[in-house]
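Dear colleague,

My notes on what was found in it follow directly after.

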Amino acid sequence: MAIKYELYPITGITQENEKEKRFYPRVVCHNTRSNEDIAKKLHHRSTYTPGELIGMLESIANIMHEMISNGECVHLDGIGFFQATATCRKPIKEMNARNLKIELKDVTYRPDAKMKRAMAHATFECSGANTHFDVRSEE
């Protein structure tokens, strides 16, 4: 099955002489898979029951939460790297500032090289339904 995409306009172009519209592709997620879906697929490829596999996935999630909360980066071989990123509510004006409100911004994911190689031959096709705007030329 091909990966579906839609085209979106590039905004914020600062060049005054840039007259033509430009677009970029954005992947459209057509289905979100759950732990149960993954467990069913794994069950057919192993001797574990779906219940055991769901328990393993939940345990992995709990351990990853613990490690990332302790400032560690987690690498799952063949999947990728996960790590916390931080932000501050107010701009930091000095290197030795105190009482900073540093908080979690996000948990980032960077795919493993094995994952990238496995997906190198993926095919893409337009979803056929750009619901956000009309990308046809203005003639």
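Thr11 counts as exposed, because its relative accessibility is 67%; buried here means under 20% relative accessible area, exposed over 50%, and partly exposed in between, with a 1.4 Å probe and protein chains only. Thr11 sits in the loop between S1 and S2, and its C-alpha atom lies 8.6 Å from that of Arg22, 11 residues apart in sequence.

Please note that this is a predicted model, in which local features need pLDDT of at least 70 and side-chain atom pairs count only at pLDDT 80 or more, while totals for chains, interfaces and linings use all residues. Residues are numbered from 1 along each chain as its sequence is written, and side-chain values use heavy atoms, with hydrogens and water left out.

As to the chain overall, its secondary structure comprises three helices and six strands; helices (H or I, at least four residues) and strands (E, at least two) are DSSP runs, numbered from the N terminus. From the N terminus on, the order of the elements is β-β-α-α-β-β-β-α-β. The chain has 139 residues, of which 9% count as buried. Among contacts with a separation of 6 or more, 42% are accounted for by residues 24 or more positions apart, where contact means heavy atoms within 4.5 Å.

I turn next to the helix packing. Two packed helices are described by the angle between their axes and the distance between the axes. Helix H1 (residues 35-43) packs with helix H2 (residues 50-69) at an angle of about 125°, and the axes are 8 Å apart. Axes are lines fitted to C-alpha atoms, for helices over the stretch in contact, and angles run from 0 to 180 degrees between N-to-C directions. H1 is therefore oblique to H2; angles under 35 degrees count as roughly parallel, over 145 as roughly antiparallel, 65 to 115 as roughly perpendicular and the rest as oblique. On the H1 side, Asn35, Glu36, Ile38, Ala39, Leu42 and His43 take part, and they meet Pro50, Leu53, Ile54, Leu57 and Glu58 in H2. By class, the residues of this contact of H1 with H2 are seven nonpolar, two polar and two charged; Ala, Val, Leu, Ile, Met, Phe, Trp, Tyr, Cys and Pro count as nonpolar, Asp, Glu, Lys and Arg as charged, and the others, Gly among them, as polar.

The aromatic residues come next. A search of the whole structure gives two aromatic pairs; rings of Phe, Tyr and Trp (its six-membered ring) pair if their centres lie within 6.5 Å, and planes under 30 degrees apart count as stacked, over 60 as edge-to-face and the rest as tilted. One of them joins Tyr8 and Tyr24, whose ring centres are 6.1 Å apart and whose planes stand at 35°, so the pair is tilted. This pair links distant parts of the chain, with Tyr8 in strand S1 (residues 3-9) and Tyr24 in strand S2 (residues 23-27), 16 residues apart. Tyr8 is buried at 11% relative accessibility, whereas Tyr24 is partly exposed at 31%.

Phe82 and Tyr109 also form a tilted aromatic pair, with 5.1 Å centre to centre and 45° between the planes. Because Phe82 lies in strand S4 (residues 80-88) and Tyr109 in strand S5 (residues 102-111), the pair ties together parts that are 27 residues apart in sequence. Phe82 counts as buried at 18% relative accessibility, while Tyr109 is partly exposed at 40%.

Gln83 is also found in strand S4 and is partly exposed, with a relative accessible area of 39%. Leaving aside residues up to four places away in sequence, Gln83 touches Ile68, Cys73, Asp106, Val107 and Thr108.

Finally, Ala129 lies in the segment after strand S6 (124-126) and is partly exposed, at a relative accessible area of 40%. Ala129 and Leu7 are 122 residues apart in sequence, with their C-alpha atoms 9.7 Å apart in space.

Yours sincerely
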